[in-house]
Amino acid sequence: MPASARDLARETISPDERAVTAEFIAFLEAASARRHPNGPIRRFNQARHSGCVEADFTVVNGLSNDLAIGVFRQPRSYAAWVRFASASSASDREKDTRGMSVKLRAVEGENLTPGETTQDFVLNSHPVMMVPGTREFLELLRAVEAGAMRRALYFLSHPKVLRTALASRANPTSHLDIPYWSTTPYQFGAGRAVKYIVRPVSSRARAERQTLTDTYLHDELRARLSTEEASFDFFVQFQTDPRTMPIEDASVEWQERESPYVRVARLRIPRQDIDVPGRDQACEAVSFNPWHSLAEHRPLGNMNRARREIYEALSRFRQSRLART
């Protein structure tokens, strides 16, 4: 087997990874407490949602054997819950990275989180992260949290991060009109790695340019789904070259010309009222975690390894505040 083939889906763990993750958790807990001195503590990232919707996730019929893995093992439909959110903005008027999180329910098989029966996909509206890994992400967040001067100095000394940040921020016409990427890799059976891509295929034309209001993304989502359904194609992109498609660097895009996207499922969002009583509270309460996953789709790379501990720690931290209020 060629060396490059042996290196596919191979992770590299740095000696200080656990220490960096512990620092990250301590930083996020302190920053979250400062942001929310009283009452419930909201998510640190993608805290402000535009809405949660019921959906169904249908695996493509007739997938080849090399694609019939994990949740894609057979042509079936899963009931799903989808959350649309913004990364950090306080208003829809602000340009921002948008998020789509998908939770498949009643998923059978060995789950990496004991007791879970879901498969979660956490996606962003830009194909890469701003920084390669957890250590660099912590440095970035510390600069942002420190205020305008420190933030400006950071971006001046990290021009590539600034370019990515600017490229990732936009005011889309709708959450239903844009593609989403996992940005980080995942196992796809033994010895193979993929990234996930979701692209809209709704029958209607793109929404007309919206008047920018504080809630225009929520308002458009509500109006669109009140009259018609929306749909997305779900793709996997296989890692074919460990050098140009690294596992440990989330700031590198896996180019479609090197490895074409392969459609494996369809996500359909039927007509519905996204403002039914209790929906907003359910949207706030639901958690998405890439480690809510079948073993065949294990998250890969240092960003994902850190997520496992960070998500669990912050969930406990948020619950401890709720228990005191």
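Ten bridges join strand 1 to strand 2 (residues 77–86), and the two strands run antiparallel. Strands are counted as paired if DSSP finds at least two bridges between them; helices (H or I, at least four residues) and strands (E, at least two) are DSSP runs, numbered from the N terminus. The model is predicted, and local features need pLDDT of at least 70, side-chain atom pairs count only at pLDDT 80 or more, and totals for chains, interfaces and linings use all residues. Residues are numbered from 1 along each chain as its sequence is written, and side-chain values use heavy atoms, with hydrogens and water left out.

Buried means under 20% relative accessible area, exposed means over 50%, and partly exposed lies in between (1.4 Å probe, protein chains only).

Aromatic contacts were assigned to rings of Phe, Tyr and Trp (its six-membered ring) whose centres lie within 6.5 Å; planes under 30 degrees apart count as stacked, over 60 as edge-to-face and the rest as tilted. By this rule the count comes to 15 aromatic pairs. One of them is formed by Phe 121 and Tyr 196, with an edge-to-face geometry of 4.9 Å centre to centre and 80 degrees between the planes. This pair links distant parts of the chain, since Phe 121 is in strand 4 and Tyr 196 in strand 7 (residues 193–200), 75 residues apart. Phe 121 and Tyr 196 are both buried. Ring pairs also connect Phe 57, Phe 72, Phe 121, Tyr 186, Phe 188, Tyr 196, Phe 234 and Phe 238 into a cluster.

Side chains of opposite charge can pair when their charged atoms come close. With a salt bridge taken as a side-chain nitrogen of Lys or Arg within 4 Å of a carboxyl oxygen of Asp or Glu, the structure holds 23 salt bridges. One of them joins the side chains of Asp 96 and Arg 169 (3.7 Å, N to O). Asp 96 lies in the loop between strand 2 and strand 3 (98–104) and Arg 169 in the loop between helix 5 (159–168) and strand 5 (180–181), so the pair ties together parts that are 73 residues apart in sequence. Asp 96 is buried at 2% relative accessibility, whereas Arg 169 is partly exposed at 31%.

A salt bridge is also made by the side chains of Asp 120 and Lys 103 (2.9 Å, N to O). Asp 120 belongs to strand 4 (residues 119–124) and Lys 103 to strand 3, so this contact ties together parts that are 17 residues apart in sequence. Asp 120 is buried, with a relative accessible area of 2%, and Lys 103 counts as buried at 10%.

In the salt bridge of Arg 266 with Asp 233, the closest N and O atoms are 2.6 Å apart. Arg 266 lies in strand 9 and Asp 233 in strand 8 (residues 230–238), so parts that are 33 residues apart in sequence are tied together. Arg 266 is partly exposed, with a relative accessible area of 33%, while Asp 233 is buried at 9%. Elsewhere, Glu 11, Glu 17, Glu 248, Arg 298 and Arg 305 are linked in a network of salt bridges.

Helix 3 (residues 134–145) has twelve residues and reaches 16 Å from its first C-alpha to its last. This is close to the 16 Å expected at 1.5 Å a residue, where the expected span is 1.5 Å times one less than the number of residues. Its buried residues are Thr 134, Leu 138, Leu 140, Leu 141 and Ala 143. Just after helix 3, Gly 147 adopts a positive phi of about 115 degrees.

Leu 156 is placed in helix 4 (residues 148–157) and is exposed, with a relative accessible area of 69%. In the loop between helix 7 (279–285) and helix 8 (302–324) lies Asn 289, which is buried with a relative accessible area of 8%. Asn 289 and Ala 90 are 199 residues apart in sequence and 23 Å apart in space, C-alpha to C-alpha.
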